[in-house]
Amino acid sequence: MTTLLRSKAYVPAPSSCFVVTYPKLREIFAADFQDRIAHHLLVGAIEPYFERHFIFDSFACRKGKGAHSAVRRLQIYLRQITRNQTNRAYFLQLDILSFFTSIDKQIFVNLLQKHLLQPDLLWLAHLIIFNDPTLNCRVKGDTQLLAQIPPHKSLFHTAKSKGLPIGNLTSQFFANVYLNQLDQFVKRKLKVKYYLRYVDDLVLLSNDPDQLSSWRQAINQFLCQQLSLQLHPAKDQFGSVYSGIDWLGYVVRPEYILCRRRVVSNLKSKLAAFNQGLLIQSHNQHPHAAPLGHTPTPEQLQAMLATINSYFGHFKRANTYRLRKNLYDRHFGILKKYLKPMGNYDYFVFKSG
């Protein structure tokens, strides 16, 4: 691999394409193993430089900057702007329209050229950015699901000068580099004190609702003129911070954090199906149920344990002790014979014997 890169003989291989159904239909491109090595080498080489230029409050695909960190930071901001719930404050949530399929490749390359002086890194970045993952790709899984992806969300229907594939490490990192221009504009030009971004999901806070409206207009103008992007016209969320901000799977308020109802309902549905003798399918499989039989197998129990602990790991990041206990008491059913709670219903293990 090193020889291919040094001689510039490296050419990306065809990708694999499949669709995930949870939490919504998404078109995913998985790069070839050799290509993933090249992606890691590139990101490893340029990440330290860009990390020094990112704002503190941009999250996703950064060390220590995951969804849970973003939610905690948002609650800190809510407490600050309300002065511990003594002042009125408002939030504005914005979403960029078809973000990954709308990234302009030439604008991005021009941006990188201003920062990266090493010709070899620029060559590799250019090669990855302009590689067409739809070319000779191997479609896996249910091909009917692929046809259900809206055209504006699919690289198969996007101009070749636009779009980066969801599923590549480089795409996730490049998203932060591309939108760092927006972050700098919001913080330096607009002087927004309370601003957070998780990929293309933006949250702004202010004591003045008119100020939020003004910022929205300025942000959309910047996106259109500088990055060839635009805000989604139908996804703005606005309101009092005391009503809660639905962000990254949680409802965040100054005084506490709750889990999104849809997430809780999903787990309840899985538990109910299991107890009714149905085998829960994974997120990437076509949704259907298969007979489970009278006694679950060790493999089926292991799969259910992994699912439960994944959900409870999400729940325990919020103020949800009563929720976790209620789920165990009222919804586990037959699973109580096999699983026992640990800590304050933080996670579960198999009962011995």
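Student: Which residue takes a positive phi just after H10?

Tutor: Heads up, this is a predicted model: local features need pLDDT of at least 70, side-chain atom pairs count only at pLDDT 80 or more, and totals for chains, interfaces and linings use all residues. Residues are numbered from 1 along each chain as its sequence is written, and side-chain values use heavy atoms, leaving out hydrogens and water. Helices (H or I, at least four residues) and strands (E, at least two) are DSSP runs numbered from the N terminus. Just past H10, the residue with a phi of about 90° is Gly 277.

Student: How far apart are the end C-alpha atoms of H10?

Tutor: Expected span is 1.5 Å times one less than the number of residues. H10 covers residues 261-275, so its 15 residues should span 21 Å, and the end-to-end distance agrees: 21 Å.

Student: Is Arg 62 buried or exposed?

Tutor: Arg 62 sits in the loop between strand E3 (58-59) and helix H3 (67-81). Buried means under 20% relative accessible area, exposed over 50%, partly exposed in between (1.4 Å probe, protein chains only). Arg 62 comes in at 10%, so it counts as buried.

Student: How far in space is Arg 62 from Glu 47?

Tutor: Arg 62 and Glu 47 are 15 residues apart in sequence. Going C-alpha to C-alpha, the distance is 9.2 Å.
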